[in-house]
Amino acid sequence: MTAITEMVDLERRGNVALLVIDNPPVNALSQGVRQGLVEGLAVANEDPEVEAVVLVCRGRTFIAGADISEFGKPPSPPSLFEAIDGLEAGPKPTIAAIHGTALGGGFEIALACHYRVAVKSARFGFPEVKLGLLPGAGGTQRLPRLVGPQRALEIVTSGNMFGTDEALDTGLIDKIVDGDLTDGAVAFAVEVVSENRPLVKIRDIHDKVEAARGKPEIFAEFRRKIARKSRGFMAPEYNVRCIEAAVNLPFDEGIAKEQELFRELLASDQSAAQRYYFFAERQAAKIPDVPRDTPQIQIESVGIIGAGTMGGGIAMNFANVGLPVTITEMDQAALDRGLAVVRKNYERTAKSGRISPDDVEKRMDLITGTLDYGDLADCDIVIEAVFENMELKKKIFVQIDEICKDGAILATNTSALDVNEIAAVTRRPESVIGLHFFSPANIMRLLEVVRGEKTSDEVIATSMALAKRIGKIAALVGVCRGFVGNRMLYGRGVEANKLILEGAMPWDVDDVLYEFGFPMGPFAMSDLAGLDIGWQKETSTSSTIREVLCEQGRRGQKTGKGFYVYNPETRAKSPDPVVEKLVLEFSEKEGVERREIGEEEILERCLYPMVNEGAKILEEGIAIRSSDIDVVWVNGYGWPVYRGGPMFWADSIGLDKIVARMDEFQQKHGDFWKPATLLRKLADEGKGFASP
Ligand code: T1G
Ligand code: NAD
């Protein structure tokens with residue numbers, strides 16, 4: 001075995017040369033890998049005894065793409081294209097041996113080989129679109145030549161992975177290897193040589209792309225199909241253009257077009273934000289003061305208290321990964337109601353084909369309803385999701401402290417209450433933690449893991465790992481009112497309501513945030529959640545527009561009217577003259593002289609308070625790092641990922657500019673706008689939240 005570079009070895013097995021890549025953790029195409037491939041291939045091609053070359057990777061996966069951490073830095077040779085051209089244009093058959101995930105540039109490397117073999121569990125994909133990019137090393141020109149333009153469009157614009165069944169059916173792989181992959185690949189290479197099989201170059205396969213030539217409707221229809229989901233993103237459209245080029249242009253011109261579009265995306269703010277976000281999500285899993293090897297509590301059974309809006313959704317997360325759940329309620333009717341909602345949700349998912357009817361039954365069988373708290377005694381973790389009432393939650397924690405076995409984790413799904421105060425009523429505050437799911441809990445990926453003053457490292461480490469196990473993105477936060485997400489949301493809400501008193505209408509504010517990239521603005525969001533959350537008829541005093549709307553029975557979407565009126569058939573919302581009149585009356589009643597308010601001011605006054613609150617959250621150590629705040633907002637509150645998150649966005653604007661604007665607002669609107677100490681300090685130093 002010869003070390004070509006630190007990351008690539010060359011080994012011989014008879015007349016087959018093995019290029020072995022070893023660049024943990026995911027064999028990304030770092031400079032050392034590219035150089036090793038180019039030089040290793042040259043050695044193999046010059047060796048007369050070598051008749052074929054197999055590409056294989058050590059560790060948990062085949063190449064998972066280009067090294068994302070190299071983007072934005074000066075390119076270091078050789079380029080990926082040199083390696084790719086060498087694999088395809090070489091004189092000897094090249095075979096890619098795939099396990100784990102062949103993604104992005106890794107998949108392109110494989111498609112440049114003449115043959116591909118894989119283990120059954122291997123997966124394939126072009127996730128570049130999730131980084132605001134496109135497969136920039138020939139992937140958009142080779143893929144449609146094998147799977148056809150239609151499927152290629154889906155693969156490159158979704159970024160989702162697929163398995164060996166489809167790969168074998170479409171010729172993306174030539175064989176599934178049972179047993180040892182390297183042995184199987186070498187045997188396959190020997191077959192290719194002994195049967196003198198051709199050097200199959202995907203670039204020379206044209207039938208599927210030619211069949212689509214002169215059919216622009218394929219692309220027009222596809223653009224229509226993804227329009228809603230890809231709103232605001234640059235990359236999906238650029239990927240579509242590449243597949244169009246593959247259909248309409250000769251291979252090399254298609255490659256040139258792909259390169260041109262790739263470079264544009266690579267230089268874009270959107271891709272910079274999405275690449276930042278890729279690492280932000282991975283950083284969030286690292287807790288500096290909780291070592292990676294902290295022992296974890298084994299979680300084999302889950303208990304949930306309360307089968308309401310949240311309890312039911314939370315239960316589904318665990319049943320989805322095969323964990324048995326015991327769920328309690330305060331009476332049979334509430335329990336039956338809660339379990340019926342869970343079944344309805346599963347049946348809706350089965351109807352869409354994402355799970356089978358058999359899965360529905362299997363998951364429902366994992367969820368057991370009970371009215372007896374005693375049935376929670378052996379659960380490894382118990383999650384409370386009852387009404388947002390401190391006294392009730394304390395009463396329940398005293399009960400479960402009595403009932404649950406030693407070592408069980410006692411968690412609360414409170415949206416804002418003091419987790420330390422709840423923990424203090426138990427004899428084991430070290431076992432108490434907040435697990436703040438977001439509605440709908442079986443869909444929303446964010447989980448705010450709330451560490452109390454006494455929460456143990458084991459409980460924190462276990463909760464973070466459990467989040468990953470149920471497919472959630474967890475961010476560890478400290479105890480304060482509203483934790484990170486709701487606390488920052490509050491400031492936005494305050495200003496949004498001031499803006500409609502001063503001159504804007506609810507739909508003006510919502511339009512600005514919708515154009516910015518949020519799925520909806522604050523007023524449409526309130527209508528969706530229900531205007532009556534926290535509202536009581538008995539104590540309502542018509543002191544806010546929201547109160548008056550509730551008094552008039554306008555509770556939001558669920559009543560067909562709120563800040564908007566909703567079309568009963570389509571549920572489409574539209575501005576309502578009744579609300580317009582009410583807003584004008586309120587301004588007058590409050591003695592506010594209305595004025596024209598521009599979109600920029602609306603955006604600044606809605607988002608700068610969030611940034612300022614984020615700075616306070618960092619000052620107080622409620623969040624470990626600014627990128628965790630971005631993870632909370634992208635995953636829990638619809639902040640557009642192509643803007644990175646509120647803290648990344650603030651850095652992209654410049655904290656000095658934000659502070660200057662806030663000083664102006666403070667003059668006009670008061671100390672609500674006083675910049676946080678950290679924000680002013682960073683601005684004065686010309687730094688950002690992400691500055692080292
Ligand atoms: N580059 C650099 N680092 C990477 C990386 C990559 N491509 N992929 C993963 N890592 C790091 C990650 O930061 C983490 O580091 C560790 O590996 C484990 O990752 C020319 C332009 C492969 C499915 O987008 O989807 O090719 O935090 O925690 O959950 O056309 O990683 O431990 O220090 O995610 O098991 C396209 C990205 C690149 C794939 C494994 N490829 N990676 O998931 O582990 S662009 C991607 C993933 C490209 C070409 C273009 C996942 C994974 P640390 P992890 P995991
Ligand atoms: P909900 O009113 O829909 O459900 C609460 C359930 O708890 C009800 O079914 C009720 O019967 C049950 N319950 C009350 N007392 C009980 C007891 N002693 N034993 C067993 N069950 C009991 O409320 P929700 O929206 O699901 O909220 C639950 C918790 O989750 C609250 O703390 C809330 O703040 C939090 N939360 C809510 C959301 C949201 O968007 N709804 C999001 C995140 C967190």
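Predicted model: local features only at pLDDT ≥ 70, side-chain atom pairs only at ≥ 80, totals over all residues.
Which helix supplies the largest share of the shell around ligand 2? Residues are numbered from 1 along each chain as its sequence is written, chains are lettered from A and ligands numbered from 1 in the order in which they are written, and side-chain values use heavy atoms, with hydrogens and water left out.

The largest share of the shell around ligand 2 comes from helix 16, with 3 residues; helices (H or I, at least four residues) and strands (E, at least two) are DSSP runs numbered from the N terminus. Helix 13 (309-320), helix 16 (390-403) and strand 16 (432-437) each contribute at least two residues to this shell. Among the 21 residues around the ligand, Glu-329, Tyr-373, Glu-388, Lys-393 and Ser-415 come nearest, a residue being counted as near if one of its heavy atoms lies within 4 Å. By class, the shell holds 10 nonpolar, 8 polar and 3 charged residues, where Ala, Val, Leu, Ile, Met, Phe, Trp, Tyr, Cys and Pro count as nonpolar, Asp, Glu, Lys and Arg as charged, and the others, Gly among them, as polar.

Oxygen atoms of ligand 2 lie 2.8 Å from a polar side-chain atom of Thr-309, 2.8 Å from a polar backbone atom of Met-310 and 2.9 Å from a polar side-chain atom of Asn-413. Taken alone, ligand 2 exposes 830 Å², of which the protein buries 80%, with areas computed by the Shrake-Rupley method with a 1.4 Å probe.

An open sheet of mixed pairing is formed by 8 strands in the order 13-12-11-14-15-16-17-18, two strands being paired if DSSP finds at least two bridges between them. Strand 13 (367-370) and strand 18 (473-477) stand at the edges with a single partner strand each, so one side of each is left without a neighbour in the sheet. Strand 12 (residues 325-328) pairs with strand 13 in the parallel sense over 4 bridges, and Val-325 has Ile-367 as its bridge partner in strand 13.

Elsewhere, strand 7 (residues 115-118) is covered on both faces, with Tyr-115 and Val-117 on one side and Arg-116 and Ala-118 on the other all buried, that is, under 20% relative accessible area (1.4 Å probe, protein chains only). Strand 7 pairs in the parallel sense with strand 5 (residues 94-98) over 4 bridges and with strand 10 (residues 175-176) over 2 bridges.

Terms used: Buried < 20%, exposed > 50% of the residue type's maximum accessible area, 1.4 Å probe, protein only. Polar contact = N/O pair within 3.5 Å; in protein donor to acceptor, adjacent residues only side chain to side chain.
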